[in-house]
Amino acid sequence: MADVTLRDVARASGCSVATVSRVLAGTRPVGAETARRVREAAETLGYRPNHAARALRSRSTGTVGLVLPQITNPFYPTLVRELTHALHAGGRAVLLADCDDDPVAEAEYIADLLGRRVDALLVIPAHEERSREAVTAAAARVPLVLMDRGCGPAVADSVAVDNTAGMALVLDHLAASGRRRVCFLGATGTASAAAERRVAYASGAAALDPGAPDRVALGDFSVEWGRAAVDEVWPARPDALVCANDLIAIGALQRLQQLGVDVPGEVAVTGFDDIPMAALSAPGITTVRQPVAELAAEAARLLGRRLAGGGDGHPRQAIRLAPGLVVRESSVGGAGVAGAGVVDGTVPAPGGAAALWR
């Protein structure tokens, strides 16, 4: 069966080809009755727009490139889902690339997506410094928004969670629970999020114990490192392990259970991100929840503004979103721990909405 064309829809609706094009593209206002006839004819005939032809006419492909550091991190599939929905609502499709935490591969994927004529790019940089050159060059060619991580000031519009506020929520919670010998299990500073969370811990932990800022073990954002980190720090007998993400926290929890350590009686464990596995662990992991839907919506809004020309000549925007603390059994419920009855609750960062309990 031959493809249905605009001319076929025009013939069936009794309108001109130009009118049909305006209705289906939504470029100019058309009378309600005319628009109804055109849409009914297009649906009856099974008309589907030819995106390739539209791209040739408008010089817009309707696609956005999305470059991730590692899709196997469970935080990112959730973010991709929200981004896909947000961009689809604006009539745009997503082309996804996973650079596997390699800045060289990341630069190659960015170049490939630009070669495919994407209208814009969303990038979660693999490395704060080594990603900068490719990202800066791409931002000079198409609208680009950095998400979750940065790679230098004013490189591009950016949106991320407020990591400092998130770490403050964790430390305040642990302090209220009577924890003092806290220890940070993080990742080396190849990404801005890792560095920000580590710095925020060091700044806030001194209020609990002058020695706490120095109790830091660094590896990567993985379950394997979480297990190994426990063996590294456990001889010091910390009473709380503050983990830079949930994967580290899950690994730490697994190793503590293998050692027969009571969680949270002897030691509390906290994470960051609130991936699904954090709630499914036994005990459930107290963690900082990133507002993923809001993150995706803000990124789509920033891109839309630049694509519409509204951002031309304007300074780059850097948006920080307020996180929330999800309190679960890994940090409450032990003997002598304050707030033991608070389980699976969300506490927003200061200035946010009222506390939500589910």
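**Group meeting: a helix, a parallel sheet and a cavity**

Let me begin with helix α13 (residues 292-307), which lies across β1 (63-68), β3, β4, β5 (157-161) and β11 and runs at about 175° to β5. Axes here are lines fitted to C-alpha atoms, for helices over the stretch in contact, and angles run from 0 to 180 degrees between N-to-C directions. Contact means heavy atoms within 4.5 Å.

A word on the basis of these values. This is a predicted model, in which local features need pLDDT of at least 70 and side-chain atom pairs count only at pLDDT 80 or more, while totals for chains, interfaces and linings use all residues. Residues are numbered from 1 along each chain as its sequence is written, and side-chain values use heavy atoms, with hydrogens and water left out.

The protein chain holds 13 helices and 14 strands, taken as DSSP runs (helices: H or I, at least four residues; strands: E, at least two) and numbered from the N terminus. Of its 358 residues, 48% count as buried, that is, under 20% relative accessible area with a 1.4 Å probe, protein chains only.

Now to the sheet. Six strands form an open sheet with parallel pairing, in the order β2-β1-β3-β4-β5-β11. At its edges stand β2 (93-98) and β11 (318-321), each of which pairs on one side only. Direction ignored, neighbouring strands of this sheet are turned by 20° against each other on average. Two strands are said to pair if DSSP finds at least two bridges between them. Strand β3 (residues 120-123) and strand β4 (residues 144-147) pair in the parallel sense over three bridges, and V123 stands opposite L146 in β4.

A cavity is a set of points on a 1 Å grid over the protein atoms alone where a 1.4 Å probe fits but cannot get out, and lining residues have an atom within 4 Å of a point. The largest cavity has a volume of about 80 Å³, volume being the space filled by probe spheres set on the points. Its lining includes N73, F75, Y76, D148, R149 and D273. The elements giving two or more residues to this lining are α5 (75-89) and α9 (192-205).

Finally, T72 sits in the loop between β1 and α5. Is T72 buried or exposed? T72 counts as exposed because its relative accessibility is 61%, where exposed means over 50%. The C-alpha atoms of T72 and D100 are separated by 8.8 Å, although the two residues are 28 apart along the chain.

Conventions. 1 Å grid on protein atoms, 1.4 Å probe; cavity = no way out; pocket = protein on both sides within 12 Å on 5 of 7 lines; lining within 4 Å.
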